[in-house]
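Student: I would like to go through the terms used for this protein. For each one, please set the value against the definition.

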Amino acid sequence: MDDVDFLKSVRIPDQSVRIPDLFGLSIGFFDPMNGGKTEALIAELRRAPYFKTNAVAYNSSLNTRERDALVIDGERPFPAKTVSSIDEVKEDLERRIRDHKSFHFNRQSLGKIFEQEGIPQHRGYPLRVVGIDEANLFTLTPDDAQKMLDFLSWSREQGLAVYLAGLKYDFRHLPFGQIHAVLPYVDIQLSKKPVCMALRDNGETACINTANHTQRVWSGEFAEEQGLSQYLASEPAFDFVDKDGTHFFDQYLPAPFCDQTMRIEESKDGRIKYLPVCNDCARVPYKNETFEIYNALVKGDHSFGFLGQTKLTTAILEFLVEEKWVEQNADGRLVPVPYYRHQAGGYASKQE
Ligand SMILES: [Zn+2]
């Protein structure tokens, strides 16, 4: 068994594999949020120059937290280029690869660091390693997923090693956009399973189970802003330890199932937080209520006032419309949006 086969079989990060053995392959880190995916990605990119190859990292402009950098815990940023689509990644790469070939170097200047459009590179080394952080933000629609598949296929032809870091699932434990269409084409999936960061028994005990999910929590203030404080008041707080070791007691609540899928801005100022959690500690309140309403609409029953909680019912209906589970028909009635198979592999509504 060679190193790559070994990696495929054990599915753990293993830096004993030489980067050149990964040329033409794609490698994915798809663990829950705040579990070490970006660290793992950066560690691989940092390894590249030792194998006399350059590396470039990209992240999505949808991520407003980190512009032209991959940042872990607000520490020293890793230079990256922020782009809005996978097409932009490809264009940028093609230009950089071409430029690298045209640079002059001699024995003295070979390997010297210089800045190429904001990213430190080594003179005379080819660019063959690519990192894409938050790959799930590049595969939100079937069209985007197809573009990612085309990109991976192009990278294979070019002999590039492509690292993808991202989420397979959202905070509801549901597939994140259309990332699943890409997974069968990722050659090696490495797992760096984080530890559950929840505190149990009224904050007395730290859970140390292996985490499977990304837990989203709302600050009390944010629940207030959303007009759902009274419902969430009946929900016990979600106590946890932050990445930097800070313990949070009675300050955060689990985000309800009907919260919107993407919340990046709010995580900047601590109104919401994300943490890795295990099956036992994961909490997504109002899942049942959301499905009660959705299932009623699927059956054509419009008497969904049965929840008896106006604000909650409104929040759920807004969610169902916003996330395109239902739409208004010509009579003004809410009807379920039909989902169809798409070519990239998965299901989507006609609107996508
Ligand atoms: Zn746990």
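Tutor: Strand S2 (residues 54-60) and S8 pair in the parallel sense, over five bridges. This is a predicted model, in which local features need pLDDT of at least 70 and side-chain atom pairs count only at pLDDT 80 or more, while totals for chains, interfaces and linings use all residues. Residues are numbered from 1 along each chain as its sequence is written, and side-chain values use heavy atoms, with hydrogens and water left out.

Student: What makes S2 and S8 a pair?

Tutor: Two strands pair if DSSP finds at least two bridges between them. S2 and S8 have five bridges, and in this pairing Asn 54 stands opposite Leu 127 in S8. Strands themselves are DSSP runs (E, at least two residues), as helices are (H or I, at least four), and both are numbered from the N terminus.

Student: Which strand do four bridges join to S8?

Tutor: That is strand S9 (residues 161-165), and S8 and S9 run parallel. Val 129 stands opposite Ala 161 in S9.

Student: Why is S8 called largely enclosed?

Tutor: Buried means under 20% relative accessible area, exposed over 50%, and partly exposed in between (1.4 Å probe, protein chains only). Five of the six residues of S8 are buried, so the rest of the structure largely encloses this strand.

Student: What handedness does the β-α-β unit of S8, H4 and S9 have?

Tutor: The unit is right-handed. A crossover has that name if, with the strands pointing away from the viewer, the path from the first strand over the helix to the second runs clockwise.

Student: Is Glu 134 buried or exposed?

Tutor: Glu 134 has 14% relative accessibility, so it counts as buried. This residue lies in the loop between strand S8 (127-132) and helix H4 (142-158).

Student: Is Asp 250 buried or exposed?

Tutor: Asp 250 counts as exposed because its relative accessibility is 65%. It sits in the loop between strand S15 (247-248) and strand S16 (252-254), and its phi, near 55°, is again a positive value in a residue other than glycine.

Student: What are the protein donors of the zinc ion?

Tutor: Donors are N, O and S atoms within 2.8 Å of the metal (3.2 Å for Na, K and Ca); water is not among the atoms, so sites may look incomplete. The SG atoms of Cys 196, Cys 207, Cys 278 and Cys 281 lie 2.3 to 2.4 Å from the zinc ion, and they follow the spacing C-x10-C-x70-C-x2-C along the chain. Cys 207 and Cys 278 link distant parts of the chain, being 71 residues apart. Cys 207 is in the loop between strand S12 (205-206) and strand S13 (213-219), and Cys 278 is in the loop between strand S17 (272-277) and helix H7 (287-298).

Student: Why is the arrangement around the zinc ion called tetrahedral?

Tutor: Four donors count as tetrahedral if all angles lie between 85 and 135 degrees; four count as square planar and six as octahedral if opposite donors are over 155 degrees apart and all others between 65 and 115; anything else is irregular. Around the zinc ion the four donor atoms subtend angles of 104 to 119°, so the arrangement is tetrahedral.

Student: Why do Cys 207 and Cys 278 count as buried?

Tutor: Cys 207 is buried because its relative accessible area is 4%. Cys 278 is buried because its relative accessibility is 2%.

Student: How many disulfides does a search of the whole structure find?

Tutor: A disulfide is a pair of cysteine sulfur atoms within 2.5 Å. The search finds zero.

Student: In what order do the three strands of the open sheet come?

Tutor: The order is S16-S13-S17, with antiparallel pairing. S16 and S17 are the edge strands, since each pairs on one side only. Six bridges join S13 to S17, and Thr 214 stands opposite Pro 276 in S17.

Student: Which strand forms a hairpin with S6?

Tutor: S7 does, with two residues between the strands, and Glu 117 in the turn has a positive phi of about 45°. S6 and strand S7 (residues 119-122) pair in the antiparallel sense over four bridges, with Ile 113 opposite His 122 in S7.
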